[in-house]
Amino acid sequence: MNKKGLLSSQKIHERRFVFLSLLPILTLYIIFQIIPIFAGTWLMFFDYTPLNASSNFIGLDNFVKLFQNEIFREALLNTTIFVLVAIPLNIIFTLFLAVCINKVRHRGLKNTFRTFFFLPCIAPLAGSAIVWASIFNPQAGLLNMILNKLGFEGINWLTDPKVALISIIIMTLWADIGYNLIIFMAGLDAIPSSFYEAAELDGVGKWGAFRYITLPLLSRTSLFVFIMTTIAYFQMFDQFQIMTSGGPMNSTRVLSLEIYDQAFTYANMGYASAMAFVLLIIILVITVIQLRVGRTNWEY
């Protein structure tokens with residue numbers, strides 16, 4: 001066999017190995033991701049409920065009903081507010097922490113800070129929500145106890161419609177900043193220190209170095225963080241279900257919670273599928289826009 005034949009045979013074996021290695025995870029992905037998406041897309045055209053033996057084809061009636069429903073509009077508005085407030089706070093805070101921790105020269109101390117901020121991410125989100133619900137308790141909660149000691153009146157953190165969503169945002173930031181912090185620190189570690197040394201020789205201050213070196217070279221990492229955080233926050237469910245169940249007065253009812261209630265509490269599977277499809281389209285459109293806007297000539 002000539003050299004070309006050997007190379008061709010080697011490539012075939014490599015591709016076969018890659019395919020067989022990926023086959024189990026691809027099978028699971030198709031079964032638990034692709035098939036449910038297509039099944040849900042099919043259900044949204046039917047008046048389907050598990051309580052009935054048959055379901056009628058109703059076309060786009062679920063979508064007409066959807067946008068005429070005031071609760072859906074409230075859930076969409078609450079989701080939008082949650083995303084627009086929580087994501088910028090998350091990214092700004094984690095980037096600030098990452099830059100500060102990255103300045104620490106002692107390796108052990110840097111790893112200690114990194115571990116400290118990542119610890120909340122290890123705990124299940126449902127467990128963290130239960131703990132924070134007790135912290136926000138208006139009678140015996142830790143926050144109101146501190147406020148009372150300082151001479152301030154306690155706050156109805158989870159029962160006041162004006163404060164409930166803010167309380168959940170605070171809990172979400174506490175539970176989630178560790179992931180983005182680790183990613184930002186990895187991106188900062190990849191930037192060569194020679195750039196900062198050259199900027200220091202040219203008399204560039206710390207803010208100038210951050211603006212003209214750190215931010216541009218961290219653009220790829222920032223885009224990844226922004227996209228993944230957006231996708232995750234649009235689908236947040238646990239803390240809304242456990243801490244407030246959408247109340248008070250639907251002030252914390254978000255799309256994921258409304259989808260769950262319609263599907264499993266009221267058994268309106270077709271209607272819930274239509275709502276889930278709307279959420280999918282929203283996430284898809286925003287992700288594509290982020291990729292278009294954030295596309296640059298990356299080096300790091």
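These legends go with close-up views of ring pairs, charges over rings and a helix contact in a predicted model.

**View 1. Phe 82 and Tyr 233, a tilted ring pair.** Searching the whole structure turns up 14 aromatic pairs, and this view picks out the one between Phe 82 and Tyr 233. Their ring centres are 5.6 Å apart, with 35° between the planes. Phe 82 belongs to helix H3 (residues 70–102) and Tyr 233 to helix H10 (residues 219–234), so the pair ties together parts that sit 151 residues apart in sequence. Are the two partners buried or exposed? Phe 82 is buried, at a relative accessible area of 0%. Tyr 233 comes out at 1% relative accessibility, and since the cut-off for buried is under 20%, Tyr 233 counts as buried too.

**View 2. Phe 136 and Trp 157, a pair between two loops.** Here the ring centres lie 5.4 Å apart and the planes meet at 40°, so this pair is tilted. Phe 136 sits in the loop between helix H5 (125–135) and helix H6 (142–149), while Trp 157 sits in the loop between H6 and helix H7 (164–189). That gives a link between distant parts of the chain, 21 residues apart. Phe 136 is buried, with 1% relative accessible area, and Trp 157 counts as buried at 12%.

**View 3. Two lysines over tyrosine rings.** Lys 65 has its charged end over the ring of Tyr 271, at 4.7 Å from the ring centre.

**View 4. Helices H8 and H9, packed side against side.** Two packed helices are described by the angle between their axes and the distance between the axes. For H8 (residues 193–201) and H9 (residues 206–217), the axes come within 10 Å and cross at roughly 160°. Angles over 145 degrees count as roughly antiparallel, so that is how H8 runs relative to H9. The crossing of H8 and H9 is right-handed.

Technical notes:
Residues are numbered from 1 along each chain as its sequence is written. This is a predicted model: local features need pLDDT of at least 70, side-chain atom pairs count only at pLDDT 80 or more; totals for chains, interfaces and linings use all residues. Side-chain values use heavy atoms; hydrogens and water are left out. Rings of Phe, Tyr and Trp (its six-membered ring) pair if their centres lie within 6.5 Å; planes under 30 degrees apart count as stacked, over 60 as edge-to-face and the rest as tilted. Helices (H or I, at least four residues) and strands (E, at least two) are DSSP runs, numbered from the N terminus. Buried means under 20% relative accessible area, exposed over 50%, partly exposed in between (1.4 Å probe, protein chains only). A charge sits over a ring if NZ of Lys or CZ of Arg is within 6 Å of the ring centre and within 35 degrees of the ring normal. Axes are lines fitted to C-alpha atoms, for helices over the stretch in contact, and angles run from 0 to 180 degrees between N-to-C directions. Angles under 35 degrees count as roughly parallel, over 145 as roughly antiparallel, 65 to 115 as roughly perpendicular and the rest as oblique. A crossing is left-handed if the near helix is turned anticlockwise from the far one by less than a right angle, and right-handed if clockwise.
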